Amino acid sequence: MRPARTFWLVLLGTVSSLAGGQSFDAFMDRLSENLRLAGKEGQMRLHLSGTVDLEGYRYEGPAPGLIRNDDEPLLQPRLSVFLDAQAGPRWYGFAQVRVDQGFDPSNADLEIRLDEYALRFTPWEDGRLSLQAGQFATVVGQWVHRHLSWHNGFITAPLLYENPTRLSDLRPPYSEYSLTYPYDGYGYYYNPVIWGPGYASGISASGHWKQLEWALELKNASLSSRPEYWPVTRTGFQHPTVSGRLAWRPDLRWTFGLSASEGSWAGPGERFEDPGQYRQQVFLADFSYAHRHLQLWGEYAVARFSVAGFGEDLETRVWFIEARYRIMPRLSASLRWNEQRYSELYYYGNEIGEWGSRLKRLDAAINWRFNAHTQLVLEVDHYWAEEEGEDRFVFSGRLTLRF
């Protein structure tokens, strides 16, 4: 076992053994308070917070989703540090720094990254308009609002945000047949419809009026782009992506939203001669419900990809519905159903099959919060892939310390 992994195991094992003690709670409360700084009149505020996570995955066969690892169990440590800054009622800034083995789980060496940073300006106190610039999560959908470990009842993301298609922004497909029988491998080489929270760089405008909420963004990379392409220093704004969302909240329990996005899914480099011929369009409907002990979420997305030289666009439909129920004050259970389907491929007018394998996945998880600073999540996922005849289980666990 690598020394870094041993260190994280010892650290988090110690934390978990102390998590139930009152002295531990008092220590973490004092630490959290000491990480806050405010000016004399409260006009300037700084808050430093974060999480320490240790995730483990056990599966058979190729690594699922966007995991970069062989067919052995994987242990993934992660430190996430958040900085929030407030300057008066109009200016707000935030940043997120991570130390881990890659944005997605992998067996690589530890690295440090600046994943998020942004500056927001709100001209009016009623929140009708906010302007933001930097590198931040997409406005599309609702899952991004709870994707961080402390707020997420699951360890894995829905298929919409982590299941690789057979398109890759590393190079264009050679032909329709290369999508029917991919031979470049699976997993991280290919792109999902939306890659996680989509921390691409750009600007956004958002606001709310009565029961309506709206948001627009201009980003340097598409929703499906990989994390390596999110920084503006890596991918400029030659082929920007425009996304937006409109939501209606009839009362405190319900939210209904519609999102749309359009941009080039081609990655930077010489392999895509004309990135403008590789377009991605996403249309997404979402809802959420929360009342007492029950929470519900759902998203349905239709994504279309155009490919230079292909006669028709490639389409995939993917959706999920998720429920979380609080059994006891510290114990909750979550259940999620995912499905993804693909359109038919044609070669000179002849049907050659779907350009992806139909996939169904059932996710079940339990979440136990020891106290206000530590929690444990255990999850099991059951995959059904129709084309490959795949029927397998993936087990995962995550211990989180919040400060």
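Strand E2 (residues 44-59) runs antiparallel to strand E3 (residues 74-87), and 14 bridges hold the pairing. Strands here are DSSP runs of E, at least two residues long, numbered from the N terminus, and two of them pair if DSSP finds at least two bridges between them. This is a predicted model, where local features need pLDDT of at least 70, side-chain atom pairs count only at pLDDT 80 or more, and totals for chains, interfaces and linings use all residues. Residues are numbered from 1 along each chain as its sequence is written, and side-chain values use heavy atoms, with hydrogens and water left out.

E3 also pairs with E4, again in the antiparallel sense. Here's how the two pairings line up:

| Pairing | Bridges | A bridge partner pair |
|---|---|---|
| E2 (residues 44-59) and E3 (residues 74-87) | 14 bridges | Leu48 and Leu83 |
| E3 and E4 (residues 91-100) | ten bridges | Ala87 and Trp91 |

E3 and E4 make a hairpin with three residues between them, and Gly88 in that turn has a positive phi of about 70°.

Now for the holes. The whole structure has two cavities of 30 Å³ or more.

Definitions and conventions:
Helix = DSSP H or I, 4+ residues; strand = E, 2+ residues; numbered from the N terminus. 1 Å grid on protein atoms, 1.4 Å probe; cavity = no way out; pocket = protein on both sides within 12 Å on 5 of 7 lines; lining within 4 Å. Points joined across faces, edges and corners; volume = space filled by probe spheres on them.
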